[in-house]
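Open the model in your viewer and follow along.

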Amino acid sequence: MDELARISLSKHPDKESIFQKIEDLTNLAMEGKLSFSESLAQRVKLLEANEDHLKQLIKVLKKKVSASFSRNASFFKKHADEVLIVSGGFKEFITPVVSQYHIKKENIYANTFVTTGDGNIIDYDHANPLSEEGGKVKLMQQMQLEGDLYGIGDGYSDFQLRESGLIKKFFAFTENIARASIVEKADHVTPSFDEFLYVNNLPRAISYPKNRILCLVIGEVDPQSIDMLKKDGFSIRHKTTFEEKYVADVHMVLLGEAERMDAEKLSRAVKLKTLGYLGNIRHKIDLNTCTKMGIVVFDDVKNNPRNLNFIPKRMIDFMNTGTTYMSTNFPNLQLPRIESSHRLIHIHKNVPGIMAQMNAVFAKHNINIVGQFLMTNPEIGYVITDINAEYDKQLFKALKTIEHTIKFRVLY
């Protein structure tokens with residue numbers, strides 16, 4: 001409704017003060033400090049919207065769907081009968097947005113506007129339980145759903161379902177906004193939909209939630225570079241030094257120019273997958289250690305201060321697709337994403353026979369390979385394998401235990 005107000009009141013002389021009132025009313029209701037019905041009534045009165053404004057709103061909202069929701073569209077298609085949208089928002093703009101993700105119209109429960117003959121919004125349906133305080137609880141009580149129910153949301157009305165005992169667990173969704181009063185009440189905080197799928201062992205677009213991937217930024221780094229990593233969903237810590245408490249758990253490191261990394265600490269960073277350096281890395285980091293540990297390094301040899309996003313983009317591409325293009329120490333391999341497949345990354349010492357052993361493992365587990373690429377340098381072999389079959393953990397165990405394996409991971 002905040003977005004709708006910005007469209008409908010774009011030419012209003014007092015638009016900024018009205019925007020603020022609507023935003024405040026939204027937050028007060030979401031935090032449980034104002035009854036939902038009172039908040040809703042006041043917001044609708046302030047809107048001055050019509051059906052043309054709704055059409056504009058829908059175009060805006062389709063571009064603002066949470067990234068983790070969008071990339072898991074296949075999950076919603078597969079579980080269309082089990083996914084419900086229960087919202088204090090309005091069907092008129094919710095249905096066109098979520099229907100593209102295969103969510104059934106009959107599974108969308110929300111408020112509805114009342115309009116005049118010429119399309120002006122003048123009110124809402126007061127008979128709808130979702131327009132009332134505690135409306136989600138009232139609706140769910142009427143529905144009498146069976147089985148284990150899980151709620152995902154970012155507002156007080158979502159928590160009320162847990163409080164009432166109507167759902168088994170409440171997951172506070174914080175990808176867009178984190179309200180402290182809601183987060184502290186949650187059974188689990190889920191910074192992305194990937195996290196929800198991961199903890200419940202459900203099929204997902206990526207194997208490991210990005211919010212669990214620790215990216216350590218060390219030294220003087222432009223905020224634009226840090227923001228790029230944050231927007232992709234990684235968990236960021238910005239520090240002046242490589243603190244001991246992060247050594248065992250860090251997955252990514254971005255170093256400011258002139259920073260150095262102790263070789264002994266580096267050798268104990270066993271989860272570290274990629275290291276970016278904002279400048280020429282020569283004599284600053286032990287590249288030999290990085291290569292032997294399977295850590296993909298990117299640096300800016302030309303030391304171009306205007307190209308702030310070059311290094312973080314290379315790191316993001318590697319973490320998301322396995323691309324090592326323009327790496328300092330790895331063979332250059334750049335591949336497009338193959339739809340409806342799982343991508344596996346295998347890094348090993350460059351010795352004969354590894355590919356034969358890997359493919360023997362795939363054959364033993366009846367895995368069909370849709371794409372496989374190997375690049376080598378004198379030190380290592382780097383293999384990306386795309387498979388289209390379901391797999392079990394025994395496959396991963398077998399690939400990890402091949403002699404001379406340095407690192408193995410599943411991207412998606």
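Begin with strand S16, which gives four residues to the lining of the second largest pocket, the most of any element. Helices (H or I, at least four residues) and strands (E, at least two) are DSSP runs, numbered from the N terminus.

This is a predicted model: local features need pLDDT of at least 70, side-chain atom pairs need 80 or more, and totals for chains, interfaces and linings use all residues. Residues are numbered from 1 along each chain as its sequence is written, and side-chain values use heavy atoms, without hydrogens or water.

**Stop one: the pocket**

The second largest pocket holds about 1,700 Å³ of space. On a 1 Å grid over the protein atoms alone, a pocket is an open set of points where a 1.4 Å probe fits, with protein on both sides within 12 Å along at least five of seven lines; lining residues have an atom within 4 Å of a point. Volume is the space filled by probe spheres set on the points.

Select Ile-206, Ser-207, Tyr-391, Val-410 and Tyr-412: of the 41 lining residues, these are the closest to the pocket's centre. Next, colour H6 (73-78), H15 (310-321), H17 (393-400) and S16 (405-410), the elements that give two or more residues to the lining.

Finish with the contact (heavy atoms within 4.5 Å): show Met-358, Val-361 and Phe-362 of H16 against Leu-395, Ala-398 and Leu-399 of H17.
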